[in-house]
Amino acid sequence: MTVTTSNQLIHLTIRVPKEESAFTYFQFESNEGLCFYSTLESSMGQGYRDLDIKGHVSLKSEIFHVIEKLQEKFSVEILTEEIIEDQ
């Protein structure tokens, strides 16, 4: 039996209001292991924060579930959505 593992990642860039960024970070941290995220430097000093998010493609629906729940509370704009190869 051959077991193959996918090395594909979902890559997202989302934009959230600056005042909601701490709550957004908390939500991703509380779902430990779901994805990795970082704030893009280009959004610093703006009224928003752009987050670069990467997670295994098998967790795409769970990542989007978190984003959809956030969208119920405030504006979350998806700037980038793509599948990339894990390096």
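This is a predicted model: local features need pLDDT of at least 70, side-chain atom pairs count only at pLDDT 80 or more; totals for chains, interfaces and linings use all residues.

Visitor: What makes Asp52 and Lys54 a salt bridge?

Guide: Their closest N and O atoms are 3.1 Å apart. The cut-off is within 4 Å, so the pair qualifies.

Visitor: Why is Asp52 called buried?

Guide: Buried means under 20% relative accessible area. Asp52 has 13%, so buried is the label.

Visitor: How many salt bridges does the structure hold?

Guide: Four. Another of them joins the side chains of Asp50 and Arg15, at 2.7 Å from N to O. Asp50 sits in strand β3 (residues 48-56) and Arg15 in strand β1 (residues 8-17), 35 residues apart, so this pair links distant parts of the chain.

Visitor: On to rings, then. How many aromatic pairs does a search of the whole structure find?

Guide: Three. One of them is Phe23 with Phe74: the ring centres are 6.4 Å apart and the planes stand at 80 degrees.

Visitor: Why is the pair of Phe23 and Phe74 called edge-to-face?

Guide: Two checks. Ring centres have to lie within 6.5 Å, and 6.4 Å makes it. Planes over 60 degrees apart count as edge-to-face, so 80 degrees settles the matter. Phe23 lies in helix α1 (residues 21-30) and Phe74 in the loop between α2 (60-71) and β4, so the pair ties together parts that are 51 residues apart in sequence. As for accessibility, Phe74 is buried at 10%, while Phe23 is partly exposed at 37%.

Visitor: And what makes the pair of Phe28 and Tyr37 tilted?

Guide: The planes are 35 degrees apart. Stacked would need under 30 and edge-to-face over 60, so the pair ends up as tilted. The centres are 5.9 Å apart. Phe28 is buried at 2%, and Tyr37 is partly exposed at 25%. Ring pairs also link Tyr25, Phe28 and Tyr37 into a cluster.

Visitor: Which residues touch the most other members of the largest nonpolar core?

Guide: Out of 16 residues, those are Leu12, Ile14, Phe28, Ile53, Ile63, Ile67 and Val76. At least two core residues come from each of β1, β3 and α2, and α2 gives the most, with five. In soluble globular proteins, nonpolar side chains tend to be buried together.

Visitor: What is Val76 in contact with, leaving aside neighbours within four places in sequence?

Guide: Ile14, Arg15, Val16, Ile67, Leu70 and Gln71.

Visitor: Why is Ser43 called buried?

Guide: Its relative accessible area is 0%, which is under 20%, so Ser43 is buried. Ser43 is in the loop between β2 (36-39) and β3.

Visitor: What does the side chain of Ser43 reach?

Guide: The backbone oxygen of Leu40, at 2.8 Å. The limit for a polar contact is within 3.5 Å, so that distance passes. Beyond four places in sequence, Ser43 is in contact with Tyr48, Arg49 and Asp50.

Visitor: Last one: is Thr80 buried or partly exposed?

Guide: Partly exposed, because 26% lies between the 20% and 50% limits. Thr80 belongs to strand β4 (residues 77-85). Leaving aside neighbours within four places in sequence, Thr80 is in contact with His11, Leu12 and Thr13.

Methods
Residues are numbered from 1 along each chain as its sequence is written. Side-chain values use heavy atoms; hydrogens and water are left out. Helices (H or I, at least four residues) and strands (E, at least two) are DSSP runs, numbered from the N terminus. Buried means under 20% relative accessible area, exposed over 50%, partly exposed in between (1.4 Å probe, protein chains only). Contact means heavy atoms within 4.5 Å. Rings of Phe, Tyr and Trp (its six-membered ring) pair if their centres lie within 6.5 Å; planes under 30 degrees apart count as stacked, over 60 as edge-to-face and the rest as tilted. A nonpolar core is a set of buried Ala, Val, Leu, Ile, Met, Phe, Trp, Tyr and Cys residues joined through side-chain atoms within 4.5 Å. A polar contact is a pair of N or O atoms within 3.5 Å; within protein, one must be able to donate a hydrogen and the other to accept it, and residues adjacent in sequence count only if both atoms are side-chain atoms.
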